[in-house]
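Subject: Structure handover and notes

Dear colleague,

Please find below the structure I promised to pass on to you, followed by my notes on what was found in it.

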Amino acid sequence: METSYETRIINHALKTTGYYPLRAIQLWTIDSHFNKVKSTMMNIGALFKLAPEIDLNRLAQAVNDTLNAHDIFRCRLIFHPETSDLCQRFDGELVPVKVEKISDEEFEIRKENLKKPYPLINKPLYRFYLFETPTAKYFFLDFYHAIIDGTAIAVLFWREMNSRYKGKKITHQPLNYADYILDELRVSPEELAEGNKFWNDTLKDFDEKKHLPPVDVENVETWQSETLFAPVKNITQKYFSESKRKESIFFLGASMLAIAKTSDSKSAIMDWVHNGRYTAQERRLMGAMLEQFPIRYDFEDDESVKNFLDALEIEMNTGIKYRRSLSTAYSSGLQEICATFIFQKKIHNADYDIGGYPAEIVELPTNEWSSVENTLDIEVNLNEDGTYIVEYGYDASRYSESAMEKFAATFDEIVAKLQDENKLISEILN
């Protein structure tokens, strides 16, 4: 019998050959990208305009020291010489960050293509540029999503880089992503099998017509990236403070009901995103930790909102229990088709600073490599003032802007109704 990819590559890794298996989320990210390999769908980064007071050479040193401290930045994707399986090593050369002095006109040209596809095999999977023009200073950072996630960038990397820039001593010992991979592999076959069955049962009857909003666009090139921002009018953070409901569960429930209502379905199957950090150690680990969990719910007409939200929380926790088997869900091919929910706190109007001076985000233009990752992303964001805004990232080859506006209105209506926990689900869906 042919041994599995996991068995073959794990055996090599455990013998300290230097070849490590890809984690489930990494493998899914890369597999998804291979379908659109010339796109920037898996780039994650930003361009910042810096204060005139910033010392760019000092910042370059802070960035280089931070890169040097964590093995994830030496990660290279490579084909194993014996098995030909795609795996990863953590011994690549670092690319030093340097300051570039260019004209304002040259910077405008460079800005058009700062965000570009990554060559994936045996190449660095990050980019940093520091620009000094006659009128301004800029900092561009970009990572391939298979090596790092937004939490690691916005919290861990930025905080450590800033501390180094300020001259503070870094006292904690960095955790190695390679060690985490090996530790994660210590799971029993019985647990894996149980999880595999759970994910197969979750996704077994996914139907695009039942579990996605109805398509209203045809004959357009696939995977066109568009975004709609829609404030949530019918709720503020005060509701959650008083009700003790968790925002992530509440808004996931609203998302599932909105999809069921717009598709005239009695069930919902979609994904929800967790940052993948469950322990104190994991919250300090620089790398790709987020996990995307499929979830399904079959609605009962006489079920109350309270029972629905309580049951949904149980389903989410069950999914977390089987997270070691997520490769089964990712290999289904449905992850990029399912609608995806994510809850973020104060991400859109977050204040970034370097050395105590504000760093202003500069919007990058859409270019020929821009592509949507999923059919529909529903990203609910908490603002500083306690209000919420939803970023709908959608495939414009399926949906028009007016269709997304209607979906956003349905979502907002459902948010209002979900605040009455005695209301029946039938009153929301019918």
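Helices (H or I, at least four residues) and strands (E, at least two) are DSSP runs numbered from the N terminus, contact means heavy atoms within 4.5 Å, and axes are lines fitted to C-alpha atoms, for helices over the stretch in contact, with angles that run from 0 to 180 degrees between N-to-C directions. Please keep in mind that this is a predicted model, in which local features need pLDDT of at least 70 and side-chain atom pairs count only at pLDDT 80 or more, while totals for chains, interfaces and linings use all residues. Residues are numbered from 1 along each chain as its sequence is written, and side-chain values use heavy atoms, with hydrogens and water left out.

Helix 7 and helix 11 pack against each other at an angle of about 140°, with their axes 10 Å apart, which makes helix 7 oblique to helix 11 (under 35 degrees counts as roughly parallel, over 145 as roughly antiparallel, 65 to 115 as roughly perpendicular and the rest as oblique). In this contact Glu191, Glu194, Phe198 and Trp199 of helix 7 meet Glu315, Thr318, Gly319 and Lys321 of helix 11, and these residues divide into two nonpolar, two polar and four charged (Ala, Val, Leu, Ile, Met, Phe, Trp, Tyr, Cys and Pro count as nonpolar, Asp, Glu, Lys and Arg as charged, and the others, Gly among them, as polar).

Helix 11 also meets helix 10: the two axes come within 10 Å and cross at roughly 105°, and helix 10 and helix 11 are therefore roughly perpendicular to each other. On the helix 10 side the contact holds Ile249, Phe250, Leu252, Gly253, Met256 and Leu257, and on the helix 11 side Phe308, Leu309, Leu312, Glu313 and Met316, a set made up of nine nonpolar residues, one polar and one charged.

Strand 13 (residues 376-382) and strand 14 (residues 388-395) run antiparallel and are joined by seven bridges, with Glu379 standing opposite Glu391 in strand 14.

Finally, the count of salt bridges comes to 22, a salt bridge being a side-chain nitrogen of Lys or Arg within 4 Å of a carboxyl oxygen of Asp or Glu. One of them pairs Lys345 with Glu247, whose closest N and O atoms are 4.0 Å apart; Lys345 lies in strand 10 (residues 340-345) and Glu247 in helix 10 (residues 247-262), so the pair ties together parts that are 98 residues apart in sequence. Lys345 counts as exposed at 54% relative accessibility, whereas Glu247, at 10%, counts as buried (buried means under 20% relative accessible area, exposed over 50%, and partly exposed in between, with a 1.4 Å probe and protein chains only). Within helix 11, Asp310 and Lys306 lie four residues apart, about one turn of the helix, and form a salt bridge with the closest N and O atoms 2.8 Å apart.

Key
Pairing = 2+ DSSP bridges.
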